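Dear colleague,

I am handing over the structure below, and after it I set out what was found. Please read the notes with the model open beside them.

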Amino acid sequence: MWSSNVKTGAELSISSIPASQLAKEFGTPAFIMDEADFRMRTAAWNTALGNAFGNNAGTVYYAAKAFICVEVARWIKDIGIGIDVCTGGELAVALKGGIDPAKIEVHGNNKSVAEIEKAVAAGVGTIVIDSLFEIERVASAATKHGVVQEILLRLTPGIEAHTHESIATAHEDVKFGFSIASGAAWKAIEEVRRHSSLELRGFHAHIGSQILETESFEISAERLVALLAKYRDEFSVELPELDLGGGYGIAYLPGEVNLDPASTMKALAEVVNAQCAAHMLAIPRISIEPGRAIVGPTMFTLYEVGTIKDVTLENASTRRYVSVDGGMSDNLRPALYDAEYTAVLANRTSTAQKISSRIVGKHCETGDIVIREIDLENDIVPGDLLATPATGAYGRSMATNYNHVPRPPVIAVKDGKARVILRRETEADLLGLDI
Ligand code: LLP
């Protein structure tokens, strides 16, 4: 839930900097990011992949969609892992951060011709092809640039992952990839083989996000290996790569636990090794694309309380509404997925009795809820700070300007020092779009 350098209990602090000092210096709302924790989690997934798969370990591609800015792209470059981008915008950030194009993997179910052009021209390592149209488009971009583009085919292995409907991606009725069961995947394979400017390296599947058990990943891996075997049987060559995607879940609430990198990778390796042995296949290079599991726990959101209102309900009980200075514009996940978060009083300790409260934002919408129900100290007053942990993934990256609210900054903290890595948007930024 909290990143490793956060201390709660007394006034909340990160790397010894008190929350109140951060609020004073950088304002609220703000995403506070634990840089050392980000590096540690990245290394943990990289090491886990390496330990589990040994010489067959491919690349950890950090899923930029969870959160990216140029400074974080520089960290990725330093650490030496790869990155998964799914738009021209994410690609631009990765390149600006200096990431080696060979370590960039390009996703997207509707990459524009311009995005494909840009990716091929930049020399990206892998393009993950998602539709028959795209086979033609990537092939023609590669021909134009005189290169043979390495590609993976995105497949849907027909799995009902245990997660929210909107973030499950590998059952049959989805927009992503080619279904294995229906034969669409095979048709795509045959189509790709007609193009000499494309080199099919293998298959990719991403079964969904915030998945907290390994079984669905294992079934997906099993089905991909079976298709590698079918490919070998048909064409007498073995494809060298599988990318098993991201989706590893994290703890949002007290009592929950993150999916552990080492045991998750070990479970996957066991399945891949056993299936390859059963099909008499060489073990392919295995890559993964964790986003949330790396960046999710590394940030918390710091809000200031603005108003408090006790509302009498029909049954004569009261509900306390605590309004903070952000809301659905910086955390869309409760409204989109009924996602649940926790929060703590961050600028002081209080022994006051706790009272059932609802933390809401400042937007003109009833659904603008940060936390539907939480017990908060009943002496909370305007000006107090609340911190919501585990907002690093799909928080700032899905932030909007709803109600013309400027998006919050990201403040990186390391070794007792805090700095802005993504500045707060201003009203001038917003007005700058008007003609
Ligand atoms: N690879 C691919 C191809 C993906 O589509 C995704 C996420 C990932 C990797 C990274 O998944 P992760 O490890 O972060 O779970 N906005 C939603 C999550 C959408 C995920 C979309 N794809 C949320 O806030 O829960």
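The lining of the largest pocket is made up of 15 nonpolar, 14 polar and 11 charged residues, where Ala, Val, Leu, Ile, Met, Phe, Trp, Tyr, Cys and Pro count as nonpolar, Asp, Glu, Lys and Arg as charged, and the others, Gly among them, as polar. Please keep in mind that this is a predicted model, in which local features need pLDDT of at least 70 and side-chain atom pairs count only at pLDDT 80 or more, while totals for chains, interfaces and linings use all residues. Residues are numbered from 1 along each chain as its sequence is written, and side-chain values use heavy atoms, with hydrogens and water left out.

The largest pocket holds about 910 Å³ of space, and of the 40 residues that line it, K65, C86, E90, Y394 and M398 are the closest to its centre. On a 1 Å grid over the protein atoms alone, a pocket is an open set of points with protein on both sides within 12 Å along at least five of seven lines, a cavity is a set where a 1.4 Å probe fits but cannot get out, and lining residues have an atom within 4 Å of a point. Grid points are joined across faces, edges and corners, and a volume is the space filled by probe spheres set on the points. Because domain 1 (6–33 + 297–431) and domain 2 (107–290) both give residues to its lining, the largest pocket lies between them; the domain bounds come from an automatic or database domain assignment. Helix 4 (88–96), helix 10 (292–295) and helix 11 (333–337) each supply at least two residues of this lining, helices being DSSP runs (H or I, at least four residues) and strands likewise (E, at least two), numbered from the N terminus.

Turning to the ligand, 19 residues surround it, the closest being S209, E289, R292, R333 and Y394, where a residue counts if one of its heavy atoms lies within 4 Å. Among the polar contacts (pairs of N or O atoms within 3.5 Å), a polar side-chain atom of Y394 lies 2.6 Å from an oxygen atom of the ligand, and a polar backbone atom of R292 is 2.8 Å from a ligand oxygen atom. The ligand taken alone exposes 580 Å², of which the protein buries 91%, with areas from the Shrake-Rupley method with a 1.4 Å probe.

A search of the whole structure finds 1 cavity of 30 Å³ or more, and the largest cavity has a volume of about 60 Å³. Helix 5 (113–122) and helix 4 each give two or more residues to its lining, and helix 5 gives the most, with 3 residues.

Two backbone details remain. A cis peptide bond, with omega about -10°, joins T28 and P29, and P29 is found in the loop between helix 1 (19–26) and strand 4 (30–34).

Technical notes: A polar contact is a pair of N or O atoms within 3.5 Å; within protein, one must be able to donate a hydrogen and the other to accept it, and residues adjacent in sequence count only if both atoms are side-chain atoms.
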